[in-house]
Amino acid sequence: MTAPDGTAVDHEPPAPRQADDPGSLADRQAALVEALTAGRPMPAGFDGFRFEAARVALLRKRAGEVSRQWPLLAASFGDRWKHEFATWAATRPTQGSLRDGWDLARDLLARAALPPMAATELAEREAALHYDGASPPRPRRGPSLRVAAGAVAVQIAGRVRVLRRP
Amino acid sequence: MADRPRVGAPATAAATTGVPGPATAAAPAAAGTGVTYGVGIGWRPEIAGFVAELPGLRFAEVVAESIHPHGDLPAGIEALLARGVTVVPHGVRLSLGGAEPVPAERVDHFAAVAQRLGAPLVSEHIAFVRAGGIEAGHLLPLPRNREAVAAVTANVRRVQESLSVPIALEPIAALFDWPDDELTEAQFITEILDRTGALLLLDIANVYANARNRGTDPEELLDQLPLDRVAYTHVAGGAEHQGLYHDTHTDAVPQPVLDLVTALCDRHRPPALLLERDGAYPPAADLRAELDAIAKASAYPAVT
């Protein structure tokens with residue numbers, strides 16, 4: 001099976017069940033969360049219109065939270081921010097708003113689509129914190145210099161300065 | 001405040017005796033503290049300056065997960081505590097309704113925050129926020145069945161073991177229901193309260209939102225809930241999109257929600273009513289007007 005973004009999704013076949021047995025609470029909660037956040041199909045029996053309204057509301061809420069952590073990233077998209085974020089996040093469950101914004105900014109950078117204002121913000125974050133893309137970012141120990149789409153930021157003893165804006 | 005009883009044990013009386021119904025030993029403790037606080041507000045960093053200048057404020061709430069119990073408190077919270085304002089930790093990430101046991105480190109953090117704030121009670125939701133290792137990023141509804149009641153009860157008891165103060169549980173606003181609900185909302189909530197001895201944090205905006213979206217009568221739900229166990233009440237704003245009312249906390253409190261505050265207070269006035277705002281913060285004058293409107297609707301003194 002593939003998610004809407006084309007990536008393969010591991011799919012364990014469920015254990016055989018009675019037709020009227022909806023499964024354990026744990027399994028049903030997991031299926032619900034996957035449908036809301038990871039682009040998996042909505043579990044049977046739910047109201048499709050209401051479920052979709054909740055899914056979209058959740059993405060918009062996340063967009064608002066990420067905009068507080070990444071104000072320049074959000075601002076660089078103007079009115080299109082919520083749509084831009086929601087499109088990207090539709091199949092990506094949240095890793096927290098700091099990492100969500102970071103992952104999106106790196107994605108945009110890789111696609112050469114990161115707006116200049118957001119590039120400066122990304123370079124500052126990259127200089128300040130070490131983020132491996134899989135675990136929570138943590139402060140860098142030594143001095144660092146990071147470049148993102150023409151923006152250059154340097155961090156010495158925890159203080160970050162932008163050397164060049166694109 | 002010398003009149004705050006430390007009521008850890010009474011809060012679990014119903015759980016240990018299994019005595020059903022609101023008339024258990026837990027109910028008098030409920031009122032939690034026996035203290036009347038009046039109108040309060042959810043403290044957020046963005047409105048710290050506004051909250052600091054509310055002269056009559058006696059009750060506030062802070063998101064429990066935002067507090068470092070062993071580090072410095074936000075300056076605004078320190079100032080409120082120094083003024084004698086009661087600050088209640090409001091958990092949003094414990095996932096008490098999750099099928100999995102609530103993680104011990106989250107319980108420890110929650111209890112430590114309560115202690116740090118000297119809070120007379122704590123609160124969390126009847127909801128789940130993660131499953132199968134994935135964070136939903138939002139409070140999600142539970143199926144209203146026995147299995148969910150058992151899951152919530154088990155998790156609430158795990159939390160109560162670490163707390164020395166009562167916990168109040170908040171039913172959420174949900175845009176959708178599960179397809180196979182066995183219990184009514186009132187039955188579901190009451191069953192959980194009876195089995196845990198917990199207090200009720202009644203969010204009147206959630207009552208409004210759910211009733212409006214389900215086409216039911218919100219006052220009917222008020223008639224069915226054990227209102228004598230309401231520790232305090234949330235009031236918040238929302239907006240309609242595509243025919244559904246969203247409990248956004250980023251819009252103004254609509255008049256029907258204020259009317260429902262009055263309908264609640266006519267039946268049983270809660271010791272505190274607290275405005276929740278979580279973004280798109282309006283000018284101070286607008287927030288003041290909302291607090292005054294809640295005071296008027298509940299006949300509590302204005303805190304502004």
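This is a predicted model: local features need pLDDT of at least 70, side-chain atom pairs count only at pLDDT 80 or more; totals for chains, interfaces and linings use all residues.
The contact between the chains was examined at the outset. In the model, 31 residues of chain B are in contact with 27 residues of chain A. The size of an interface is often given as the accessible area lost when the parts come together. For chain B and chain A, the buried area is about 2400 Å², of which 69% lies on carbon and sulfur atoms. On the side of chain B, the residues that lose the most area to chain A are Ile134(B), Phe176(B) and Trp178(B), which together account for 24% of what that side buries.

Polar interactions also cross this interface. Seven residue pairs are in polar contact between chain B and chain A, and the count of salt bridges between these chains is one. This salt bridge joins the side chains of Asp180(B) and Arg28(A), with a distance of 3.0 Å from N to O. Several elements of chain B, including strand 5 (128-131), helix 6 (146-162) and helix 8 (204-214), each supply at least two residues of the side that touches chain A. The largest share of that side, six residues, comes from strand 6 of chain B.

Over all chains, 22 salt bridges were found in the structure. In chain A, Arg55(A) pairs with Glu52(A), their closest N and O atoms being 2.9 Å apart. Because these two residues are three positions apart in helix 2 (residues 48-69) of chain A, about one helical turn separates them. A further salt bridge connects Glu126(A) and Arg106(A) at 2.8 Å, N to O. Glu126(A) belongs to helix 6 (residues 116-128) and Arg106(A) to helix 5 (residues 97-110) of chain A, so this pair ties together parts that are 20 residues apart in sequence. Glu126(A) is buried, at 13% relative accessibility, whereas Arg106(A) is partly exposed, at 26%.

In chain B, Glu191(B) and Arg146(B) form a salt bridge with closest N and O atoms 3.7 Å apart. This pair links helix 7 (residues 185-196) with helix 6 of chain B, the two residues being 45 apart.

Ala114(B), in helix 5 (residues 104-117) of chain B, counts as buried because its relative accessibility is 6%. Beyond its neighbours within four places in sequence, Ala114(B) is in contact with Pro89(B), Ala119(B), Val122(B) and Leu163(B). By contrast, Val147(A), in strand 3 (residues 144-148) of chain A, counts as exposed because its relative accessibility is 54%. Together with Leu145(A) and Leu163(A), Val147(A) makes a nonpolar surface patch of about 300 Å².

Conventions: Residues are numbered from 1 along each chain as its sequence is written. Chains are lettered from A and ligands numbered from 1 in the order in which they are written. Side-chain values use heavy atoms; hydrogens and water are left out. Patches are made of residues with over 30% relative accessible area and no salt bridge: like charges are joined within 9 Å, nonpolar side chains (Val, Leu, Ile, Met, Phe, Trp, Tyr) within 5 Å. Accessible areas come from the Shrake-Rupley method with a 1.4 Å probe; for residues, only the protein chains shown count as cover. A salt bridge is a side-chain nitrogen of Lys or Arg within 4 Å of a carboxyl oxygen of Asp or Glu. Helices (H or I, at least four residues) and strands (E, at least two) are DSSP runs, numbered from the N terminus. Buried means under 20% relative accessible area, exposed over 50%, partly exposed in between (1.4 Å probe, protein chains only). Contact means heavy atoms within 4.5 Å. Buried area is the accessible area (1.4 Å probe) that two parts lose on being put together, summed over both. A polar contact is a pair of N or O atoms within 3.5 Å; within protein, one must be able to donate a hydrogen and the other to accept it, and residues adjacent in sequence count only if both atoms are side-chain atoms.
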